[in-house]
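Let us walk through this fold one element at a time. Keep the view turning as you read.

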Amino acid sequence: MKTYPKDLPSIGVVVIYLDEALSILKRAIQSIIDRIPKSLLKEIILVDDYSSNDDLKQDFDMYIKTIEDQNPGLLMTRVRHSEQLGLTTARISGWKAVTTDVVAILGAHIEVHDLC
């Protein structure tokens, strides 16, 4: 197990998506939670650039609630655009919503891995 200095800044991760499969988002979120140390990860901002996929509404809301219940202290924030604004604006929307010292802005098709 890796050890990290105690004085590292907190991190907020922004995940941007548009009509992604729910399974893709679940995998990305779970890998973020599993592999970023809990002492550093303070929030995940999910930016929806006006998806029409029904799975990304109630089903995704229920999944986010489960993640929040399982990870007390981790802030999960949803930013939903009321029209499609594009990748750059979605990144800016996520960045503006973050409250941490460090921001990582990612697409939905990611999986965080341990460095060996």
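Helix H2 covers residues 58-70 and lies across E1, E2 and E3. Its direction makes an angle of about 160 degrees with E3. This is a predicted model.

Helix H1, residues 22-35, also lies across the strands.

Now the strands themselves. In what order do the four strands of the open sheet sit? The order is E3-E2-E1-E4, and the pairing is parallel. The edges belong to E3 (75-80) and E4 (102-107), each of which pairs on one side only. On average, neighbouring strands in this sheet are turned by 20 degrees against each other, direction ignored.

Take the pairing of E1 and E4 in detail. E1 spans residues 11-17 and runs parallel to E4, joined to it by six bridges. Valine 14 has isoleucine 105, in E4, as its bridge partner.

Step back to the whole chain. It holds three helices and four strands. Along the sequence they follow the pattern β-α-β-α-β-α-β.

Of the 116 residues, 40% count as buried. The chain exposes about 7100 Å², and carbon and sulfur atoms supply 53% of that area.

Return to H1. Its 14 residues should span 20 Å at 1.5 Å a residue, and the end C-alpha atoms are 20 Å apart, so the two values agree. Which residues of H1 are buried? They are Leu22, Ile24, Leu25, Ala28, Ile29, Ser31, Ile32 and Ile33. In an α-helix there are 3.6 residues a turn, so residues three or four places apart point the same way. The cover over the buried residues of H1 includes E1, E2, H2, E3 and E4.

Two loop residues deserve a look at their backbone. Most residues other than glycine have a negative phi. Aspartate 19, in the loop between E1 and H1, has a positive phi, near 55 degrees. Its relative accessibility is 35%, so aspartate 19 counts as partly exposed. Tyrosine 50 lies in the loop between E2 and H2. Its phi is positive too, near 70 degrees. With a relative accessible area of 47%, tyrosine 50 is partly exposed; the exposed class begins over 50%.

Finish on strand E3, where threonine 77 is found. Is threonine 77 buried or partly exposed? At 23% relative accessibility it counts as partly exposed, because buried means under 20%. Leaving aside residues up to four places away in sequence, threonine 77 touches Ile44, Ile45 and Leu46. Valine 98 is 21 residues from threonine 77 along the chain, and their C-alpha atoms are separated by 8.9 Å.

Conventions: Residues numbered from 1 in each chain as written. Predicted model: local features only at pLDDT ≥ 70, side-chain atom pairs only at ≥ 80, totals over all residues. Heavy atoms only, no water. Pairing = 2+ DSSP bridges. Axes fitted to C-alpha atoms, helices over the stretch in contact; angles between N-to-C directions. Contact = heavy atoms within 4.5 Å. Buried < 20%, exposed > 50% of the residue type's maximum accessible area, 1.4 Å probe, protein only. Areas by Shrake-Rupley, 256 points an atom, 1.4 Å probe, with all protein chains shown as cover. Expected span 1.5 Å × (residues − 1).
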